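User: I'm new to this one. Can you walk me through it?
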Amino acid sequence: MGRDHRDDLLADLGRFSEPALYILISLADGPKHGYAMTQDIEMVAGQKLGPGTLYGAIARLEARQWIEPLPAEDRRRPYQLTAAGRRVLHHRLESLRAVARIGRARLAEG
Amino acid sequence: MAASERLLRLYPRAWRERYGEEFLATVGHDALHPQQVIDIVSGAIDAWLSADVRQATRTWRLAPSGGKAMLKSMMACGQTKMRFTTRDSLIGAGVMLGVTLVCSVVGIAARRNGWPVTGEILKSLAFPGSLMLSMPFTFLKGQPWKAQVVIVGGTLSLLVAIGYIAALI
């Protein structure tokens, strides 16, 4: 199965690729600030991102223009997905779905 | 001063200017768990070393509020995957080999000439020391010279101290 270049870009984030994926998923239903993201990610994925990891991933996503900051509200700055970020997330989720389908099929065979 | 504010000082100034306020708002003022402290410290190391993070914070400093187009264009221009060239890698490899060889030979010579402690230190320093000295040509390339001095010099000092203690035991 060939890999699209957008997958490679997400994989380029190294140990931040998984937190970055969670952040993209968290922002898929609208802008959120850091604290709201950690709460949402904990609820959805059961992973509690530490602040160092969270902002390491946010900086990388910003540098790639997959998310963008909005004007700060009080001391908190919300972020939103860009069109490029939405495409990357969509493609990544499609890849994961294909992998999950294969995994389930193999489990059923075994 | 809260622990989170003290830990925030570990981050580069540009990073603090960009993310400091929201970082503190996210962490809050509750006592930090040990895992959170480790995460924040490793995040600080990452902020000093990662070209991506430095790019994001540097661009933010240069772009005034409202300069969204400027911010985007600068980020697009600054996106690079390669931070060092093949030539840099070869130089780094050469430094590693050379320093390893010199440390090993001088260490053996020192030991044979009645300086066993110096010999042990040099031998134990050969590989990790050469790795550290090659880093300015590779992983640390483009980082501020102060950060390079602290990382390379600090690590080498620590390695010498450990080698000295190990030689005495």
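User: Which residue follows α3(A), and what is its phi?
Analyst: This is a predicted model, so take what follows as computed from it. A:Gly46 follows α3(A), and its phi is positive, near 70°.

User: And how many residues does α3(A) itself have?
Analyst: Twelve. From first C-alpha to last, α3(A) reaches 16 Å, close to the 16 Å expected at 1.5 Å a residue.

User: Which residues of α3(A) are buried?
Analyst: A:Gly34, A:Met37, A:Thr38 and A:Ile41. They cover an arc of only 95° around the axis, which puts them on the same side of α3(A).

User: Why would residues a few places apart point the same way?
Analyst: An α-helix has 3.6 residues a turn, so residues three or four places apart point the same way.

User: What do the buried residues of α3(A) pack against?
Analyst: Within chain A, α2 (17-27) and α4. From chain B, α2 (13-27).

User: On to the contact. How many residues does each chain put in?
Analyst: Chain A gives 20 residues and chain B gives 24 residues. On the chain A side, α3 (34-45) and α4 (51-63) each supply at least two residues.

User: How do the chain A residues touching chain B divide: nonpolar, polar, charged?
Analyst: Six are nonpolar, eight polar and six charged.

User: New topic: α8(B). How far does it reach?
Analyst: Helix α8 (residues 145-168) of chain B reaches 34 Å from its first C-alpha to its last. That is close to the 34 Å expected at 1.5 Å a residue.

User: Does α8(B) lie largely in the open or largely buried, and why?
Analyst: Largely in the open, because the number buried is one of its 24 residues.

Note on methods
Residues numbered from 1 in each chain as written. Chains lettered and ligands numbered in written order. Predicted model: local features only at pLDDT ≥ 70, side-chain atom pairs only at ≥ 80, totals over all residues. Contact = placed C-beta atoms within 7 Å. Helix = DSSP H or I, 4+ residues; strand = E, 2+ residues; numbered from the N terminus. Nonpolar A, V, L, I, M, F, W, Y, C, P; charged D, E, K, R; others polar. Expected span 1.5 Å × (residues − 1). Buried ≥ 20, exposed ≤ 12 C-beta atoms within 10 Å, placed from the backbone. Arc of directions from axis to C-beta.
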